[in-house]
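Work through these exercises with the model open. Try each task before you read its solution.

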Amino acid sequence: MIRHLLSAADLDHPQALRVLDTAAELLALADRPIKKLPTLRGRTVVNLFFEDSTRTRISFEAAAKRLSADVITFSAKGSSVSKGESLKDTALTLQALGADAVIVRHQSSGAPHRLATSGWVDGSVINAGDGTHEHPTQALLDAFTLRRHLAGGTGDLDGCRVTIVGDVLHSRVARSNALLLSTLGAEVTLVAPPTLLPVGVQTWPVATSYDLDGSLPKSDAVMMLRVQRERGAAGGFFPSPREYSRRYGIDARRMALLPEHAIVMHPGPMNRGVEITAEVADHPRSVIVEQVANGVAVRMAVLYLLLSGSEGGQDR
Ligand code: NCD
C-alpha cells in the first residue's frame, strides 16, 4: 500500500478496490455490540484540523478509536495557531508526540503535501480536505456508497453514470471524485454554471454540461455540491441564490427526471433551499446520512491499510 493519501490519484485501480473491499468487511463490525478491533493498539493518530469540520473530523476520530489507536484531536481554534504558530512548528510538536498518522484539513491547497514531503513528521499523512484541491477519503466513501447501491457491493463502477452538480470551482470533493470514480470505471459528468467550472477542467477525466434537466435522465446517481460561500462562491458567480437554485438546484420536479433506481448524494454540510430542497434531502432515495455512516468504515480501511504492518516511519 501507499504511505500517504494526499490525492485520489494516489490510488490505482487495484488499490482503490482494496480500500473499498476492506471497508466492506469493516462495515460488518458496525452491527456488532462491541465495535472495537485491536489492530492499531499502541499507535497514535493525530487529527489536525485547521478548518471547520463536522463529519470528517468525527468520522476519522471514530474510525481510529474503533481500531484501538490513541487519538489526539487538534483544532486550530483554541490552539497556538491562533497566536501565529506556523504549520512547521505545529508539525514538529506533533512529531514530538510520536504521531503514526496525521490527518490534516487545511484551508491552503497543498498543505498535506508539504507535511508529507517536508520531513517534519515521520508518520503517514492523510489529506482530509485541502483548500479547493482534494478530499480523497470523501471520494472513497462516495465510491463505496455508489458501489453498494449501483454495483451490488462488489467490483468496480464500470459504466455507472454519476452527475456532479454545482460549485465545482471551489470543491475539493468534486476533483477527488472525478479522479477516483473514473479510475473505477464510472462516467462522470460535471454540471455547473460556466463561472463555477475551474480553468483546465477539459483535462479532467469527465464530461461537462450546463444543462441539469438534460443530464438527470442519464444519471444513475446525482451528487449535489454546496455553494461554498466562505470561499467566495456567492460573490458574482451567479445573479442570486434564487436564480442559482432555479437553474442548478434539485427539487421534487427535478428528482422525478431521474431514473427510478437513481440515488441522490451530498457530502454535507447542505444548504437546504439552495442546492437541494428539504423534500429531496429527506427523500428515501437520498443516501446522504448513509454516506456519513459509510465514511467511518472507509476511514477505518484507510488507516488500517496505511498503518498496519508498519513500524514508525518505514516504507510500506
Ligand atoms: C466537504 C468539504 O469539507 O470539502 N464536506 C465534507 O467533508 N463532508 C464539502 C463542503 O464543505 O461543502
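**Exercise 1.** Find the handedness of the crossing of helix 2 and helix 11, then describe how the two helices meet.

*Solution.* 
Step 1. In this predicted model, helix 2 and helix 11 cross in a right-handed way.
Step 2. Locate the pair: helix 2 spans residues 55–66, and helix 11 spans residues 288–307. Their axes come within 8 Å and cross at roughly 50°.
Step 3. Classify the angle. Helix 2 is therefore oblique to helix 11.
Step 4. List the residues that meet. Helix 2 brings Arg55, Thr56, Ser59, Phe60, Ala62, Ala63, Ala64 and Arg66. Helix 11 brings Val292, Gly295, Val296, Arg299, Met300 and Leu303.
Step 5. Sort the residues of this contact by type: 8 are nonpolar, 3 polar and 3 charged.

**Exercise 2.** Decide whether asparagine 127 is buried or exposed.

*Solution.* 
Step 1. Read its relative accessibility, which is 0%.
Step 2. Apply the cut-off: buried means under 20%. Asparagine 127 therefore counts as buried.

**Exercise 3.** Which backbone oxygens does the side chain of asparagine 127 reach?

*Solution.* 
Step 1. Start with the surroundings. Leaving out residues up to four places away in sequence, asparagine 127 touches Leu5, Leu6, Val104, Pro112, Glu134, His135, Pro136 and Thr137.
Step 2. Look for the oxygens. The side chain reaches the backbone oxygen of leucine 6 at 2.9 Å. The side chain of asparagine 127 also reaches the backbone oxygen of glutamate 134, at 3.4 Å.

**Exercise 4.** How far apart in space are asparagine 127 and alanine 281?

*Solution.* 
Take the C-alpha atoms: they are 27 Å apart. In sequence, the two residues are 154 residues apart.

Conventions. Residues are numbered from 1 along each chain as its sequence is written. This is a predicted model: local features need pLDDT of at least 70, side-chain atom pairs count only at pLDDT 80 or more; totals for chains, interfaces and linings use all residues. Side-chain values use heavy atoms; hydrogens and water are left out. Buried means under 20% relative accessible area, exposed over 50%, partly exposed in between (1.4 Å probe, protein chains only). Contact means heavy atoms within 4.5 Å. A polar contact is a pair of N or O atoms within 3.5 Å; within protein, one must be able to donate a hydrogen and the other to accept it, and residues adjacent in sequence count only if both atoms are side-chain atoms. Axes are lines fitted to C-alpha atoms, for helices over the stretch in contact, and angles run from 0 to 180 degrees between N-to-C directions. Helices (H or I, at least four residues) and strands (E, at least two) are DSSP runs, numbered from the N terminus. Angles under 35 degrees count as roughly parallel, over 145 as roughly antiparallel, 65 to 115 as roughly perpendicular and the rest as oblique. A crossing is left-handed if the near helix is turned anticlockwise from the far one by less than a right angle, and right-handed if clockwise. Ala, Val, Leu, Ile, Met, Phe, Trp, Tyr, Cys and Pro count as nonpolar, Asp, Glu, Lys and Arg as charged, and the others, Gly among them, as polar.
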